[in-house]
Amino acid sequence: MTIDGTAERTTRSPRLLSSSQLSAAARRLIDESLADPLGGMSPSVYETARLVTLAPWLTGHAERVRFLLRTQRADGGWVSAIPGYRVVPTLSATEALLAVLRTPERPVPGVTRRELTAAADRGLRALLPLLDGERSFPLPDMPAVEHLAPMLIELINGHLDALEPWRDGPRLRPSPQMAPKTAALVRELLRRGQALPQKLLHALELGGEAARGAATVRPEPIGTVGASPAATAAWLGDREPADHEPARRFLESAAAPHGGPVPSVLPITVFERAWMTSWLIRSGVPLAAPPQLPDFLQASLGPAGTGGGAGLPSDADTSSGTMYALALLGRLQRPDLLWRYETDTHFCTWQGENGRSVGTNSHVLEAFGVHLREAAPAERSERHAATVRKVVSWLQEQQQDDGSWSDRWHSSPYYGTVCSAPALAEFGGPQAAPAVDRAVEWVLQTQRPDGSWGLWEGTAEETAYAVQILLLTRRDADGRVLAAAHRGGEYLRTVTAGGTAMPPLPPLWHDKDLYTPFRIVQAAILAALHLTCPDGAVPPPRRPS
């Protein structure tokens, strides 16, 4: 399917979509999201491998094994060339292949034992230098990875003890940054019948055998546990459940879009619809949103706000992002519930958060800022204004020396900066102008020769963010800004065939594994295409005479 709803075409001069056609494409994307009860996500190596081990009875088992074999990198690892991002998916995939080798009574059609052994051995060889205590690589700030890694190492070493090719070989050891005691603590709590904090349900596989059918764990009505296929499979255990079991039906639904492989976090319906709405409307895309969209977003907000989807705890990031999206849709929300996430210095994503998120605080700024701007005077207070000043000050303090921001939920600084800079430009007042100027200068300085932007390589996603940073912070943009933005637009039109098809979207978002929320990224690209199209929201730069 193409962006404009037609069959893909190959042509030397691709048809350029107009602003109205891009708006229609955005509406189709929204309609597609509203019809999907789970959300659009890329498959995860980590999560797929956990299902190979935990749920070999589930439909698509053979395709999950083949997925692991065909996605292994030439260096023996999985997912990324960046060492820190490679550790957990490589541990998970290697453990799954070893688990298949230990269950010869369950052969995988079309896959030989020799293939499995060779792939597992390459994975082990890739892991040894990654886990070398003297030169181990730092793990990125991703949910539970410091706890999952030692659990997977323990499982792998158990397989090596039992499998002939590796009995006398080296064993893996957790690196100093890992936290091996967490899994034991989770298992002890489950054995005692104690409830886990909701955020730990997303990594229930830490519980091992104690997670199977744990009485204190209750799947959501749609069947998910912790919005994670791996956590859901850990709760079901390795015995095949009845067809009518909701948790089984959830796993079948999660596996269906990719024919067996599964995403890392699902469902993401609130997150997906709120972010898409904000990207599109904030960039001036005329969006005739169906009433189901604001109805759904408003219904998702409870006393503590909302989470990204069923099974995830309420958090300040999704709650404030949803409020801002609703304001853009004409349904202004009072942001007071967000104060429950306020700390002495900033807003946490959830209580007990180990890290800090500039994305969360940028969205909080938008929620309070739009309330102060649009609410009736009786609805505004000095505390609302003080909150805006506090968040503006904190965001300025978090800016990197080069002018960018980094966020814990994404690998690229272009995401952290597209959250922070436009929010500061719109709601930060004159005191935020120097920070915004530095961000714009950073974007101008980091554009690649082909017009793209990207941390590791030029990507359509990061280019879309860069275009938005330039054009949403500069209503009186100068020639340099306009020229760079429109070069970015030309790059996007090249890689999207003039705006009619999406390019490959590499995984850049943080969960237990890197992932891509397809529709959210597509909305960001549509927004940037709209900003830079000839009849879009921003005029093209004048060509020198």
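Q: A nonpolar core is a set of buried Ala, Val, Leu, Ile, Met, Phe, Trp, Tyr and Cys residues joined through side-chain atoms within 4.5 Å. Which residues have the most contacts inside the largest nonpolar core here?

A: They are L68, L91, L204 and W509, in a core of 169 residues. Helix α4 (residues 83–101) gives the largest share, ten residues. A helix here is a DSSP run of H or I, at least four residues long, numbered from the N terminus. Contact means heavy atoms within 4.5 Å. In general, nonpolar side chains tend to be buried together in soluble globular proteins.

Q: What does pLDDT say about this protein?

A: This is a predicted model, where local features need pLDDT of at least 70, side-chain atom pairs count only at pLDDT 80 or more, and totals for chains, interfaces and linings use all residues. Residues are numbered from 1 along each chain as its sequence is written, and side-chain values use heavy atoms, leaving out hydrogens and water. pLDDT is the predictor's confidence in each residue, from 0 to 100. The average is 92, and 94% of the residues score at least 70. But pLDDT stays under 50 over residues 1–14, and is below 50 over residues 541–545 too.

Q: Why is helix α3 described as largely enclosed?

A: Buried means under 20% relative accessible area; exposed is over 50%, and partly exposed lies in between (1.4 Å probe, protein chains only). Seven of the ten residues of α3 (residues 61–70) are buried, so the rest of the structure largely encloses this helix. The buried ones are H61, A62, E63, R64, V65, F67 and L68. Their cover includes α2 (45–54), α4, α5 (113–130) and α10 (246–255).

Q: What makes a space a cavity?

A: On a 1 Å grid over the protein atoms alone, a cavity is a set of points where a 1.4 Å probe fits but cannot get out, and lining residues have an atom within 4 Å of a point. The structure holds two cavities of 30 Å³ or more.

Q: Which element gives the largest share of the lining of the largest cavity?

A: That's α11, with four residues. The lining includes W275, R282, Y324 and H363. It splits into five nonpolar, three polar and two charged residues.

Methods: Helices (H or I, at least four residues) and strands (E, at least two) are DSSP runs, numbered from the N terminus. On a 1 Å grid over the protein atoms alone, a cavity is a set of points where a 1.4 Å probe fits but cannot get out, and a pocket is an open set with protein on both sides within 12 Å along at least five of seven lines; lining residues have an atom within 4 Å of a point. Grid points are joined across faces, edges and corners, and a volume is the space filled by probe spheres set on the points. Ala, Val, Leu, Ile, Met, Phe, Trp, Tyr, Cys and Pro count as nonpolar, Asp, Glu, Lys and Arg as charged, and the others, Gly among them, as polar.
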